[in-house]
Amino acid sequence: MKPSPSAAVLAGAVLSLAAVTGCSAANKHAEPPGATYAAEQTTDPPAGNAVGATPGGCPTAASLPLPKDFPENLPVPDGAVVTSVEHRTGGRLVVATVVRGGFDTNLAFLHKRLPKAGYIPKEGEVEKDDAESNFASTSVRGRWTLRKMSDCDGGVYLTYLTSAGSST
């Protein structure tokens, strides 16, 4: 019995889809989590909602400004390049940055500077090249995430999610 031409086409389509899906899953950390969504959902003007990157992944354009509603005393490493800003419902704000200096240096910065600025860390964890922690002050609740970039020497994604509200 000979297979029908439709069965051959269907089998080819399934194999092609499997190959494409396999390729896209291998590069799952090419952008910081939510970067594409943030660029689409930002309330900033379309021309200023994302920063360009070199083929190697390091930002090449000037940093976007920190939004006016970003907590004034929340420490941000020197030289951080704001790559996207997203205003979410409930007064939540997501600011994605790329910082240089390496994972360990920026992790030490967050562990030292946030408590000095009045932010109490809560429920955090550190793994190889990946860390996150909740934090709170008397007026702000939030979470930071830190992820090493594989495509930018010494680069690290640092993302802040903040929301106005007390720590209790």
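I'll start with Cys58, which is buried, at a relative accessible area of 14%. Buried here means under 20% relative accessible area, exposed over 50%, and partly exposed in between, with a 1.4 Å probe and protein chains only.

A word on the model. It is predicted, so to speak of local features we need pLDDT of at least 70, and side-chain atom pairs count only at pLDDT 80 or more, while totals for chains, interfaces and linings use all residues. Residues are numbered from 1 along each chain as its sequence is written, and side-chain values use heavy atoms, with hydrogens and water left out.

Back to Cys58. What does Cys58 join to in a disulfide? The partner is Cys152, with 1.9 Å from S to S; the cut-off for calling a disulfide is a pair of cysteine sulfur atoms within 2.5 Å. The structure holds one such link. Cys58 sits in the loop between α2 and β1 and Cys152 in the loop between β5 and β6, 94 residues apart, so the pair links distant parts of the chain. The link is right-handed, with 110 degrees about the S-S bond. Cys152 counts as buried too, at 2% relative accessibility.

Now the overall layout. The protein has three helices and six strands, in the order α-α-β-β-α-β-β-β-β from the N terminus. Helices (H or I, at least four residues) and strands (E, at least two) are DSSP runs, numbered from the N terminus. Of the 168 residues, 36% count as buried.

Next, strand β6, residues 156–164. Seven of its nine residues are buried.

Last, Val76. This residue is in the loop between α2 (35–41) and β1 (81–87). Is Val76 buried or partly exposed? At 23% relative accessibility, Val76 counts as partly exposed. Leaving aside residues up to four places away in sequence, Val76 touches Leu66, Phe70, Phe109 and Tyr160, where contact means heavy atoms within 4.5 Å. Leu66 is 10 residues from Val76 in sequence, and their C-alpha atoms are 10.0 Å apart.
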